[in-house]
Amino acid sequence: MSRPARRAELFGKDGRTYKTLLGEQALRCNIGGSDVMRGQLSRVLDSFTLPGVTLGIVPSRARLHVFPGNSFGIFDGKRVEVGLFGESPTLTDEAQIRLYQKAFGLLERSAVYGEDAKALVRAKLAALGRPT
């Protein structure tokens, strides 16, 4: 099972929370074709209802307070996993963790949530049209 799939099994368990941000651009990246995109966007829409999950979308025209850089995850404030094409580092140095926490906080300021975020996802789904 993949690392993200293992994490997904933890949503809502033991009071865990999961805050995530997606750039609107990620909603438009067509990797795998329209049918794959429909499935991915539907899953994003479903994610809004998962227990303990807060999902924000950073609109492509939002004012950014920090360069988004590479994807990363912060786990329990004790480690950061940086997503790269090659070997992905895990950071445990407190100063590095604080840096990523600050960056996440700045990115959160640019995001939309709730119905505004869902509307962005729905618009991308509608743009794909009906399955053939």
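Predicted model: local features only at pLDDT ≥ 70, side-chain atom pairs only at ≥ 80, totals over all residues.
Residues are numbered from 1 along each chain as its sequence is written, and side-chain values use heavy atoms, with hydrogens and water left out.

Helices and strands are taken as DSSP runs numbered from the N terminus, a helix being a run of H or I of at least four residues and a strand a run of E of at least two. Two strands are said to pair if DSSP finds at least two bridges between them. Under these terms, strand 3, which covers residues 71–75, pairs with strand 4, residues 79–83, in the antiparallel sense over 5 bridges. Phe 75 has Arg 79 of strand 4 as its bridge partner. Strand 3 and strand 4 form a hairpin with 3 residues between the strands, and in this hairpin Asp 76 takes a positive phi near 55°. Strand 4 also pairs in the antiparallel sense with strand 5, residues 90–91, over 2 bridges, and here Val 80 stands opposite Leu 91 of strand 5. The hairpin that strand 4 and strand 5 form has 6 residues between them.

Side chains of opposite charge can pair when their charged atoms come close. A salt bridge is counted where a side-chain nitrogen of Lys or Arg lies within 4 Å of a carboxyl oxygen of Asp or Glu, and the structure holds 7 of these contacts. Accessibility is described by relative accessible area, with buried meaning under 20%, exposed over 50% and partly exposed in between, for a 1.4 Å probe and protein chains only.

Glu 24, which is buried at a relative accessible area of 8%, forms a salt bridge with Lys 124, the closest N and O atoms being 2.8 Å apart. This pair links distant parts of the chain, since Glu 24 lies in the loop between strand 1 (18–23) and helix 2 (34–47) and Lys 124 lies in helix 4 (residues 114–128), 100 residues apart. Lys 124 also counts as buried, at 16% relative accessibility. Glu 24 meets Arg 28 in a further salt bridge of 3.6 Å, N to O, and Arg 28 is partly exposed at 45%.

In helix 2, Arg 38 and Asp 35 are 3 residues apart and therefore separated by about one helical turn, and their side chains meet in a salt bridge of 2.7 Å, N to O. Arg 38 is buried at 13% relative accessibility, while Asp 35 is exposed at 52%. Elsewhere, salt bridges that share partners join Glu 24, Arg 28 and Lys 124 into one network.
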